[in-house]
Every structure is written in structure tokens, then in C-alpha cells.
Amino acid sequence: MDKIQKVETKEDALRLLNIALEHEWAVSFEYTIHAYSMPKGKFFYEDPVMKNRTDVRAQMIQIGIDEMYHSLQLAVIITQMGGVPSFKTDEVMRYPRIMDNLNRDKMTEDLVTNLYQSAKFPEGAFPKIQNMVLNISYDEVRHSNQFAAMMDALKAQGAEDAFCYPSNPENINRQEVQLLHEIMRLENELTHRYLKYVFLFSEHQDLSQRLFKNSIDHMRHWDKNSGTLIKWGDVIQIENAKKDANGVETSKNPMPSVYPGEDRLSVLEALIPAEETLIARYERLISLVPNGEIKDQLKLHLGLNREHLFTQNWLLKNVQKIKGLK
Ligand SMILES: [Fe+2]
Ligand SMILES: [Fe+2]
Ligand SMILES: [Fe+2]
């Protein structure tokens, strides 16, 4: 992560915001991956602010969602300033031990708190950006304290060596598992792709809210599917990851950095085949899965994607009806 200390010009401000954004994308993804790789309802910590006994996995997902909101705040301001929000990400890692992931997450929080708090603005320059950066930085302070408390709790439980879920090597031959990995990539891609359009149309609240709803649906599916992978003896994959001799995975591009569509028409046109592809994958997967809870869950995802396709088709037709909409 580069560091920007002096924010004097609009270009400095845009650079700071985009560096921060690339960080926020990476961590929102990384924390949820770390959470999806560990057991639910097994490790608890005493939350330093909420004063509640809290599930480590659930709270890590919540922190990941906070980071997604940071991305949203940064990207909307970048767009409003006439800049282009970056979809590149910082490096993402996963260690085999839960403790090492928590330790990395805490160090990341301290690093980014420093990025935000060390930015120096001349008096009176960019007051709203200054305020936003300070507000985000204290969310990061909170996150750092949460990760520290989680690590203390794991140590106190003698769970320092607890491992993440492994991927059963035999799953390479199971069609349904490989198909679900592909669906996970598509769901993640669509979550971020819809977010790009939320920023792009942040001035057009009707369109932007509708697209945001779909982004959240895709995020929920991603979340549910990660649990199905574990039931099938697998775990969420990190795209383009390299694994070293100690089992540590690293990826410099864990998700696409470019998404198609630059105006209303091209965005809406590009979404239709993307939803159709995802629908076809779900239909195929559902045909391979026996009746039961997992199949019912997948059918719910398929149903919502069919609804997305219906909506997108009408959004496109309605744009084409009105002259002067760009
Ligand atoms: Fe953040
Ligand atoms: Fe954070
Ligand atoms: Fe969809």
C-alpha cells in the first residue's frame, strides 16, 4: 500500500481515495474469505465495545461488510469528483491456521489506520473528505481491537493451532463441487460488478438503489454457498492464488479489476448475459444435487437470479424508450 501524506490538490485527494479503495476491496474480500474458512459457532470472544460473547466467524463477516461500506463511501466520492474508482485490489492471503489469519488482519487494520490518520490536509481543504477519512479510520481502530480480542480468546481456549477447513483433494473429480466453485466466482464478480454501477449511477438514485439490491443478493448467495462448500468437504477458493510449501496462499488479483459497461445502455446490456450465465450454472448444479436442504437453498438463489433477469430486461427496455437518457 502506497502512502499519501500531503493532500493539497484534487489529484492528491483522488490518489489517496483510490489507494484506500484498493485496500478496502482487498480486505472486505480477505476477511470474509478468512471467516468462510473457519467453523461457525465454535470460537467466541468478548467484544470490547458490545460487551457480549460474540462468534468470531460471524463478527469477521460483519467487519468484511463494514469494509464493503468503506469501499462504497470512497467510490461514490471519487465518482462525484470526476475520478474513476479503481477495482484493483491489494494482495490477499490465507494461512492454514486461523490464528495467523487473525494476526494478519490486525496488522492490516493498524497499517490502514496509519494511512488514514497520517494524511495531512491544508487547513480548510476538502473538509468532507477529511471528515470521511477520519470517520473511517476510527472504524479501523475498532476492527483492530476486535481482532486483538479474538486472538486473545483463541489463546485462552488453547486454540492457537486450530486450522481452517481444508479442501478434500478428491473433490477435483466431483462435478457439483467444481460447479459450485465456478458459481462462487460468478456471484463474487456480480456483487462487485453491480457495485461499480451503483457508483456510476450514484446521481440517479432510482437506478442505483435497484442495482445495489442485486449486489446484496449476490453477496448473500456467496455467503450461503460458502457454507455448502464446507458441507461438501471443501472451502472457498481464492482466485489466482499461489500456495507455498507451508500452505500459505497469496493472490495479487483475487477478483476481476475491470467490469464491462460505461453508460446506462452498455451496463444494462452487459448485465443480461451475465445473469443468464449464472442462471444456467445454477440450473445445471441443481440437476446434480439430491433433494434436500442444499437443493432448496440453491433453488432460492436460482429464483432470485431469475427475478434479477426479469428486472434487468425491463430496465433495459425502459431506458430504450426514453430519449435523452445516457
Ligand atoms: Fe476499512
Ligand atoms: Fe477495517
Ligand atoms: Fe443475479
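This is a predicted model: local features need pLDDT of at least 70, side-chain atom pairs count only at pLDDT 80 or more; totals for chains, interfaces and linings use all residues.

Residues are numbered from 1 along each chain as its sequence is written, and chains are lettered from A and ligands numbered from 1 in the order in which they are written.

The protein chain is divided into domain 1 (10–156) and domain 2 (169–234 + 260–321), with bounds from an automatic or database domain assignment. Their C-alpha centres are 25 Å apart. Eight residues of domain 1 are in contact with seven of domain 2; contact requires C-beta atoms, placed from the backbone, to lie within 7 Å. On the domain 1 side, helix α2 (residues 56–80) supplies the largest share, five residues. Helices here are DSSP runs of H or I with at least four residues, numbered from the N terminus.

Now to the helix pair. The axes of α6 (residues 205–231) and α8 (residues 293–321) come within 11 Å and cross at roughly 160 degrees. The axes are lines fitted to C-alpha atoms over the stretch in contact, with angles from 0 to 180 degrees between N-to-C directions. The two helices are therefore roughly antiparallel, a term for angles over 145 degrees. The contact includes R210, D217 and K224 of α6 and I294, H301 and L304 of α8.

How values were computed: Angles under 35 degrees count as roughly parallel, over 145 as roughly antiparallel, 65 to 115 as roughly perpendicular and the rest as oblique. Two residues are in contact if their C-beta atoms, placed from the backbone, lie within 7 Å.
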